[in-house]
Amino acid sequence: MAVDLLLGLQWGDEGKGKIVDVLTSNYNIIARFQGGPNAGHTLVFNGRKHVLHTIPSGIFHESASNLVGNGVVIDPVIFKKELDKLEEQNVDYRKSLLISRKAHLILPTHRLLDAASEAAKGKAKIGSTLKGIGPTYMDKTGRNGIRVGDIELENWKNKYRALANKHEGMIDFYNVDIQYDLEELETEFFEAIDTLKSLTFIDSEEYLHQAQKEGKTILAEGAQGSLLDIDFGTYPFVTSSNTTAAGACTGLGIPPNKIGDVFGIFKAYTTRVGSGPFPTELFDEVGETMGRVGNEFGATTGRSRRCGWLDLVALKYACQVNGVTELIMMKADVLSGFKSLKVCTAYNYKGETITHLPFNIEAHNVTPIYTAFKGWAADLTTMEDASQLPKELNDYIAFLEKELEIPIKIVSVGPDRKQTIFK
Ligand code: GDP
Ligand code: IMO
Ligand code: MG
């Protein structure tokens, strides 16, 4: 069986968690392939909201196994908090939650290094979530990291100590004012390690290989978005992993020829949290309305998200890099009530009209060129069937499908599981 992928096409927070939850009934296994607790995936059902950071978004379905893949970085302290929340909801995760031995651990000092690095950058800071993501992936590629499987081995604490000591030296090197009590952080960390150890660790590439042979259905869940990809995003304002389709191959051990459908998910407009270029960003009341109606506050950091019109140049690029086969459009309901809508179809780049993402995309050298659409007033949030969607929204969708040459198969009209329209 081929493995399907679901990933974000913009700067994250497209609604991946909601849709993975909606699609989980079609799959035996949900597998997160990259990122860490920088992610915040929101699910809403039965009048309750759940936010997951590291745990795959299929966890509320008893029928599915949920795998944290080798490409993920795990902070045991945050992971423990996620487990506590699941326990409060009586979710029995013990059998269904599996963790790759090859996933890397975020140490308390990785978080401190993230803070020190950001402080040293001053105005040029990435706007990182301060979860230690960058420093942990740096240790991974630098071949110094500690993996989940290591904590099953004796003497791993020696390796921990050596690395934490090195990190302390590095924090000093940054020469910024970072206050911390490492002993306290370590007490919390080692307690959380004990909790982690009570879960099931597996050689996940082998597990997935066997599952495929047995005909099990697998959905790989991405975190962040394509424009935050370490290679293809708006570098350096990106995260430290490959968020695009290829990341699922390396983050789970799935061969490229075993990838099936690639579900690309995007908001009907655009948001970004953190620093970096955002050509269609709005600083007026339209952007303010999108943020308010769309409740655009980060699920992990609570920061308000920057808002703007849909950027088709960037979306096309993301579809190409990922080989998207089906599109999923989120938050269509948020656009209800605007008299007219705009979609960016080209950039004016240094006086020239271009339809690709330039290498050095920056606010001052890129001006979006827009196509305008008539808006609609209808409230979409109670609609249940594609036949109910207003003509103006159908025109908007038809334009995007024609431009992207990919069908939009799902339109989301509210945060709840049920507010999902299949076309
Ligand atoms: P993720 O990181 O891609 O999983 O997305 P987040 O959970 O960070 O952000 C998406 C936000 O939009 C969450 O607050 C969701 O509850 C909410 N949401 C998802 N789909 C819709 C939708 O169709 N309409 C509205 N209004 N909100 C939605
Ligand atoms: P989900 O999975 C939105 C952003 C941060 C920052 C940059 C680097 O919920 O879509 P990092 O902590 O990774 O070093 O931060 O990436 N970022 C996200 N933005 N959604 C996310 O995840 C994000 N994860 C990281 O705001 O700009
Ligand atoms: Mg999110």
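Tutor: Before we begin, two strands are said to pair if DSSP finds at least two bridges between them, and strands (E, at least two residues) and helices (H or I, at least four) are DSSP runs numbered from the N terminus. This is a predicted model, in which local features need pLDDT of at least 70, side-chain atom pairs count only at pLDDT 80 or more, and totals for chains, interfaces and linings use all residues. Residues are numbered from 1 along each chain as its sequence is written, chains are lettered from A and ligands numbered from 1 in the order in which they are written, and side-chain values use heavy atoms, with hydrogens and water left out.

Student: Which residue in S16 is the bridge partner of Leu310?

Tutor: Strand S14 (residues 310–311) pairs with strand S16 (residues 340–349) in the parallel sense, over two bridges. Within S16, the residue bridged to Leu310 is Val343.

Student: Which residue in S18 does Val343 stand opposite?

Tutor: Strand S18 (residues 366–374) runs antiparallel to S16, and nine bridges join them. In S18, the residue opposite Val343 is Thr371.

Student: Which protein residues are donors of the magnesium ion (ligand 3)?

Tutor: Donors are N, O and S atoms within 2.8 Å of the metal (3.2 Å for Na, K and Ca), and because water is not among the atoms, sites may look incomplete. Lying 2.1 to 2.2 Å from the ion, the protein donors are Asp13 (OD) and Gly40 (O).

Student: Is Gly40 buried or exposed?

Tutor: Buried means under 20% relative accessible area, exposed over 50%, and partly exposed in between (1.4 Å probe, protein chains only). With a relative accessible area of 12%, Gly40 is buried.
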